[in-house]
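Student: Could you take me through one part of this model up close? I'm new to it, so please spell out the terms as you go.

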Amino acid sequence: MGNNESTVGGQTAIPAKETYVWYKKFMMEYPSGLQTLHEFKTLLGLQGLNQKANQHVDQVYNTFDMNKDGFIDFLEFIAAVNLVVRGKMEQKLKWYFKLYDADGNGSIDEKELLNIFMTVQTLNGQQTLSPEEFTSLVFHKIDINHDGELTLEEFIDGTKKDQDLLKIVSKSFDFSSVLKLIRNGKQPDTGGGFLQIT
Ligand SMILES: [Ca+2]
Ligand SMILES: [Ca+2]
Ligand SMILES: [Ca+2]
């Protein structure tokens, strides 16, 4: 374990040497130092999506664009990579919470969750439960005080306790495939290598 790791946004950061490798990659790909939404979609091979899926990807982009200037700069990029590579489950769940809370009011309501599950179905194909069924199941399970809103606490506690739910949540934006795409350039690696950082 490294002993001189710095901290970015409360997470353990990637060591400087690795950061430099990412920096070179990033600057080679985006000489202006900024990645646009269009480039983000190109990187992930996500063109020609339907409207729902597109909105979902836009929102993913927005959660990474922390200063909300419409671009992802290197610091934001490395924070995203950091979350993918080193983020603990709880940090990832916090990120998912931010992603699901579409109106940013600090809680997830049924409509927001339903939207996410509908998108997941679009992206990943038919699931055993319909998005509606799944949404009510989730609220039944983890909306502890039954007020129709999931707080950050309810969301994190509930998801951590339920492996099935955790799986679905992780599927709604698959970090591992994102990382592979970033690492390998534009050809998705279908092989096994998972989170291998040199
Ligand atoms: Ca930005
Ligand atoms: Ca909300
Ligand atoms: Ca609640």
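Student: Is the crossing of H3 and H5 left-handed or right-handed?

Tutor: The crossing of H3 and H5 is right-handed; a crossing gets that name if the near helix is turned clockwise from the far one by less than a right angle, and left-handed if anticlockwise. Before we go on, this is a predicted model, where local features need pLDDT of at least 70, side-chain atom pairs count only at pLDDT 80 or more, and totals for chains, interfaces and linings use all residues. Residues are numbered from 1 along each chain as its sequence is written, while chains are lettered from A and ligands numbered from 1 in the order in which they are written.

Now the pair itself. H3 covers residues 51-64 and H5 covers residues 89-100 (helices are DSSP runs of H or I, at least four residues, numbered from the N terminus). Their axes sit 9 Å apart, at an angle of about 125 degrees (axes are lines fitted to C-alpha atoms over the stretch in contact, and angles run from 0 to 180 degrees between N-to-C directions). H3 and H5 are therefore oblique to each other (under 35 degrees is roughly parallel, over 145 roughly antiparallel, 65 to 115 roughly perpendicular, and the rest oblique).

Who touches whom? Gln-59, Val-60 and Thr-63 in H3 meet Trp-95, Lys-98 and Leu-99 in H5 (contact means C-beta atoms, placed from the backbone, within 7 Å). By class, this contact of H3 with H5 has three nonpolar, two polar and one charged (Ala, Val, Leu, Ile, Met, Phe, Trp, Tyr, Cys and Pro are nonpolar; Asp, Glu, Lys and Arg charged; the others, Gly among them, polar).

H5 also crosses H8, residues 152-161, at roughly 130 degrees, with axes that come within 10 Å. That crossing of H5 and H8 is right-handed.

Methods. Helix = DSSP H or I, 4+ residues; strand = E, 2+ residues; numbered from the N terminus. Contact = placed C-beta atoms within 7 Å.
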